[in-house]
Amino acid sequence: MIMKKRLIALPVMLLLLLVSCGGGGGSGSSSSPPDTNYGIVSDIQLLATRYVAQAGSYIYFKAKLLDGTGLPVANVSVTFTKTSSLGVLSSASAITDSLGYATVTLYSASAGFVTLQAEVSTGAGKVRDKKTVYFSSSELSYSYSLYLGADGNNNGTYNESADLNLSGSTNAQVLIRAMVLYGIDSNIAPVFGSTVTFGTDYPYFSSAGATACSDGTTVCYVTFPYGNTATTDTSGFATVLMQVNSSILKTLTTPLNVTAYADNGSANLLTLYLNPVTISSVSLTVSPTSVETDSTANAIAAVKTSTGSPAPDGAAVNFTAACPPLISIAQMNPPFVQTADGMATSVFNAPSSVGSCSITATSGGVSAIVYISVVSPPTTPVTEPVPDALAIVPGTISVVSNASTQTASFTISGGTLPYTTTSTDPSRVYNAATGTGVWTGSSITATIAANACPGTVTMNANDSKGNTDSATLTVLSASALSLTPTSANICETSANCGSTSYPTSVVFTITGGKSPYTVTSSNTAAISDPVVTAVAPFTFTADANNGGITSDTTVTLTITDSCGSTKTVAVFVKNE
């Protein structure tokens, strides 16, 4: 069967996940048995909206907190930490909402792996969870793929059970081999001369002579004795030696993620386990088992350990699709998933030709396979599935205007691609890349002009079907318009008005708001419209007009700034 060229062939990620037997030292994950204390954080689950993203885009992370009864815990601060220098977090901490979720975004302009850890201090210890994601430098449309193998017993055969289940010796050594391929339809060939970079989400030495770990510390759990990069040979193989101080890892936490990616954007992952924790079974469910060409099916893997319990959170599951003659991990989106409560889900992208395909899920050297039929679509028209409602988030956001430009980020989802987003006031909120109030794509960055006037700007998101959703961006003033003094008494002609001495004029000082300012008088016969000085300090003089009134009167002066904000002051004018 001939496959059509994949339009969304994902670069594939490498993740080596080394599992210890306890997760002691107060660290925990969502696989730990929950405490029975009501309202006390006992479990944390870190979820990523996606595992593979284009460099220059955002990935949303949600950390869910549960107490000992399984209920969400609100109003708790969650600390988020990256274990690498790559990527920028929207915030180092976030407060859980009423559903127990704390949300941050991760942005990276460069390609590579980023591991994010979410942690909460409970008073008696800490609970934490982490996930690893990959930012790709490619356009996600090339048929590059990377397969990973491990040889722990150095017998030349990769991914045997003994290779993937280490004994827990003080310094276990494992050969890690990446195979990089390029294939379009049925033509697959090894890639020669591609540089593959390996790493871990725990601190590691990039070579035996390194003096600092990957995170800048000096205590490392993994060492690449001969370096953590290798170049593929004529067979497409790039191999490095990895040494793991497993006795240290066993006293800390369960997962250790080891990553690798090629300079063409492809990557993949694999999972190793320390005894006594081993994977005993992988169950795979595919729904539906008969799909039309160029459609999709969901693949759900359930992974269990030798004790019968679900695999520890963060255990990697590889998904591979085989539609002869092509075997391609690019047909699975994503090609790897880290387990949560022992479960991992991927999506199968069916080829353009009919036939039989197999889907394989592998974790810890244990695999499960399900066969799926690819059939022609019916000749009669079918109702197009209704997409999720178009949404732009966040729905509201506030920014305080100052002397420099500022930015606010929004994400559009649902509806039908492509998306177009517009600003109702491009003079205040605009697209810095184009200088207009229009954006395209699912992740946009709005720029707020320097010294922008306060007010509300609506961000309108539109999809290709005409569906709309909007968000509100409120620009706040850094300082409200104010006036000193707040009132005044003056005399029409002289400082001696009967028994009361008043000056014939008063000087007011304006602060806040945005210059230039104008002042209007409610009674120009008594007080002419004052003129404000052009530069700070901004002052104006209210001077009584001789003969302008025949009796005592009160004049209202209205101060207006360049943004339209107003302030009034009452001036009592005494008749001579």
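**Cysteines and beyond**

Modeller: Counting bonded cysteines along the chain, the disulfides follow the pattern 1-2, 3-4, 5-8, 6-7. This is a predicted model, where local features need pLDDT of at least 70 and side-chain atom pairs count only at pLDDT 80 or more, while totals for chains, interfaces and linings use all residues. Residues are numbered from 1 along each chain as its sequence is written, and side-chain values use heavy atoms, with hydrogens and water left out.

Biologist: How many disulfides does the count come to?

Modeller: Four disulfides, where a disulfide is a pair of cysteine sulfur atoms within 2.5 Å.

Biologist: What does Cys453 bond to?

Modeller: Cys563, with the sulfur atoms 1.9 Å apart. Cys453 is in the loop between strand S39 (443–448) and strand S40 (455–462), and Cys563 is in the loop between strand S49 (553–560) and strand S50 (566–574), so the pair ties together parts that are 110 residues apart in sequence. Strands here are DSSP runs (E, at least two residues), numbered from the N terminus.

Biologist: Which hand does the link of Cys453 and Cys563 have?

Modeller: Left-handed, with -80° about the S-S bond.

Biologist: And is Cys453 buried or exposed?

Modeller: Cys453 counts as buried, at 18% relative accessibility. Cys563 counts as partly exposed at 21%. The cut-offs: buried is under 20% relative accessible area, exposed is over 50%, and partly exposed is in between (1.4 Å probe, protein chains only).

Biologist: What about Cys491, which cysteine is it joined to?

Modeller: Cys497, with an S to S distance of 1.3 Å. The torsion about the S-S bond of Cys491 and Cys497 is about 50°, so that disulfide is right-handed. Both Cys491 and Cys497 are buried.

Biologist: Switching to rings. How many aromatic pairs does a search of the whole structure find?

Modeller: Seven. Rings of Phe, Tyr and Trp (its six-membered ring) pair if their centres lie within 6.5 Å; planes under 30 degrees apart count as stacked, over 60 as edge-to-face and the rest as tilted. One of the pairs is Tyr517 with Phe538, which is edge-to-face, 5.1 Å centre to centre with 70° between the planes.

Biologist: Where do those two sit?

Modeller: Tyr517 lies in the loop between strand S46 (505–511) and strand S47 (518–521), and Phe538 lies in strand S48 (residues 538–543), so the pair ties together parts that are 21 residues apart in sequence. Tyr517 counts as buried at 9% relative accessibility, and so does Phe538 at 15%.

Biologist: Which ring does the charged end of Lys62 sit over?

Modeller: The ring of Tyr101, 5.3 Å from its centre. Arg177 lies over the face of Phe237, at 4.0 Å from the ring centre. The rule is NZ of Lys or CZ of Arg within 6 Å of the ring centre and within 35 degrees of the ring normal.

Biologist: Last topic, sheets. What order do the strands have in the open sheet of five?

Modeller: S34-S41-S40-S36-S38, with mixed pairing. Strands pair if DSSP finds at least two bridges between them. The edge strands, each pairing on one side only, are S34 (396–400) and S38 (438–440). S34 runs parallel to S41 (residues 468–476), and five bridges join them. Val399 stands opposite Val475 in S41.

Conventions:
Helix = DSSP H or I, 4+ residues; strand = E, 2+ residues; numbered from the N terminus.
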